[in-house]
Amino acid sequence: VYKLSKIMKTWKKIALGILFIIIIFGVWFYPKYKMLSHTMHLFDENNIVTNFRSFDSIWPISTLEAPKKKYIYPKGTFVGLPNSFEFNGNVYESRKFLKDSWTTGFLVIQNDSIVFEDYYLGNTESTRNISWSMAKSFISALVGIAISDEYIKNINQTVETYVPELIGSSYEGVRIKDVLQMSTGVKFNEDYGDFYSDINRWGRGFALGDSQDDFAATLDRQFEPGTINHYVSINTHVLGMILTRATGKSITNYMQEKLFTPMGMEYNGYWLVDGKGMEMALGGLNLTMRDYAKIGTLYLKNGLMKGKQIVPKKWVSSSVTPDASHLEPGDQFGYGYQWWIPKGTAGEFMAIGIYNQNIYINPKTNTVIVKLSANPKYNDASYVPSSDYAALELYRAIANQFN
């Protein structure tokens, strides 16, 4: 009996030990599992709309605080959307196009006043929506400000000047300018529809809390830097690394000081951050639709807002001007400093994010348009409402009403 009692006590201790290990493992692993599971189903048709407006419930964030002095767009005379527009020789109904591309918000700012604003699929004016790659244009603005603040000497300096951790990587010897212009020569597959693509490998790592800095250092080189415009989202993360090393501040803190507060943002915003606390510079910004519009208004006014030069005028001009043959718009969009440049004579430029997030600026007509979407058919190239080129023609039809 004594031996049996002793054995029972031993097994009880073992069982308690195993239970303790399971609990500790669960506490550590479950949040990572939850984030990874969320990532794997991020774009599912049944979840995508909710997912795009609720990242703060799943992933860690860094908050941007709305200032007391807010810039509120006045309401102008309501202007309806054109009934239809043309794209590639076909006619599309404007409102049907918005519905078919799963638009969650659509805003038209004309002469600094709201002339059209509508929300769909449960979004409202206070909904903070994921930017995806529209965030890149905000990062570009911060680089320009950091140069004005003399944290960064100039964009002809190489990456490792500020980020010595990237010595020995494919980014060594690459100019900051080449990073801004998506011309680093880094080999990268940006296909969101390919499970094994580089961008999806990065995404799964991000969900598990892996370091984005470490990921950037693993990439190989494919082209000579400064010769080919090849879209690599991790390039923008490298810009984020440069900003944090040069300024000694987080992206969130520097943006709060230099953009968020001076621009008078109406609502709190936030950045998604990785397991090391580094912001997802390449696409993790979450703002309301009106606050996204403010970067458009700021650039429309050459960096001036509320009587203050927030972004240097010269930087704004350089940012939206392709200055080499490989950056010029042809059949595709051209590229500036993290801004897309359509072919045309109106001087238009755009911030573009996956799944049909757009900020469109037309200096000729003084128009800013924001479209937020959660289009589960985005990776279907044959589906016209997924096309940013088709959306551009809608924006042009709207802007041309003001000519």
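1. The largest pocket holds about 750 Å³ of space, where a pocket is an open set of points on a 1 Å grid over the protein atoms alone, with protein on both sides within 12 Å along at least five of seven lines. Grid points are joined across faces, edges and corners, and a volume is the space filled by probe spheres set on the points. The pocket has 23 lining residues, and those closest to its centre are Trp-340, Ile-352, Tyr-378, Asp-388 and Tyr-389; to count as lining, a residue needs an atom within 4 Å of a point. This is a predicted model, in which local features need pLDDT of at least 70 and side-chain atom pairs count only at pLDDT 80 or more, while totals for chains, interfaces and linings use all residues. Residues are numbered from 1 along each chain as its sequence is written, and side-chain values use heavy atoms, with hydrogens and water left out.

2. Strand E13 (349-353) and helix H12 (388-399) each give at least two residues to the lining of the largest pocket; helices (H or I, at least four residues) and strands (E, at least two) are DSSP runs numbered from the N terminus. By class, this lining has twelve nonpolar, seven polar and four charged residues, with Ala, Val, Leu, Ile, Met, Phe, Trp, Tyr, Cys and Pro counted as nonpolar, Asp, Glu, Lys and Arg as charged, and the others, Gly among them, as polar.

3. The search of the whole structure finds one cavity of 30 Å³ or more, a cavity being a set of points where a 1.4 Å probe fits but cannot get out. Among the residues that line the largest cavity are Thr-104, Tyr-119, Asn-123 and Leu-372, and by class the lining has three nonpolar, six polar and no charged residues.

4. How do helices H4 and H9 cross? The axes of H4 (residues 135-148) and H9 (residues 251-260) come within 11 Å and cross at roughly 75°, the axes being lines fitted to C-alpha atoms over the stretch in contact, with angles from 0 to 180 degrees between N-to-C directions. That makes H4 roughly perpendicular to H9, a term that covers angles of 65 to 115 degrees. The contact (heavy atoms within 4.5 Å) has ten nonpolar, no polar and one charged residues.

5. Seven of the ten residues of H9 are buried, so this helix is largely enclosed by the rest of the structure; buried means under 20% relative accessible area, exposed over 50%, and partly exposed in between, with a 1.4 Å probe and protein chains only. The buried residues of H9 pack against several elements, including strand E1 (61-64), helix H8 (233-247) and H10.

6. Asp-291 has its place in helix H10 (residues 289-300) and is buried, with a relative accessible area of 0%. Leaving aside neighbours within four places in sequence, Asp-291 is in contact with Met-265, Glu-266 and Tyr-267.

7. Leu-327, in the loop between helix H11 (313-319) and strand E11 (334-335), is buried at a relative accessible area of 1%. Not counting residues up to four places away in sequence, Leu-327 touches several residues, including Gln-181, Asn-229 and Tyr-335.

8. Most residues other than glycine have a negative phi. Lys-306, however, has a positive phi of about 55° and counts as partly exposed at 45% relative accessibility. Asn-356 has a positive phi near 70°, yet Asn-356 is buried, with a relative accessible area of 2%.

Technical notes: Parallel < 35°, antiparallel > 145°, perpendicular 65-115°, else oblique.
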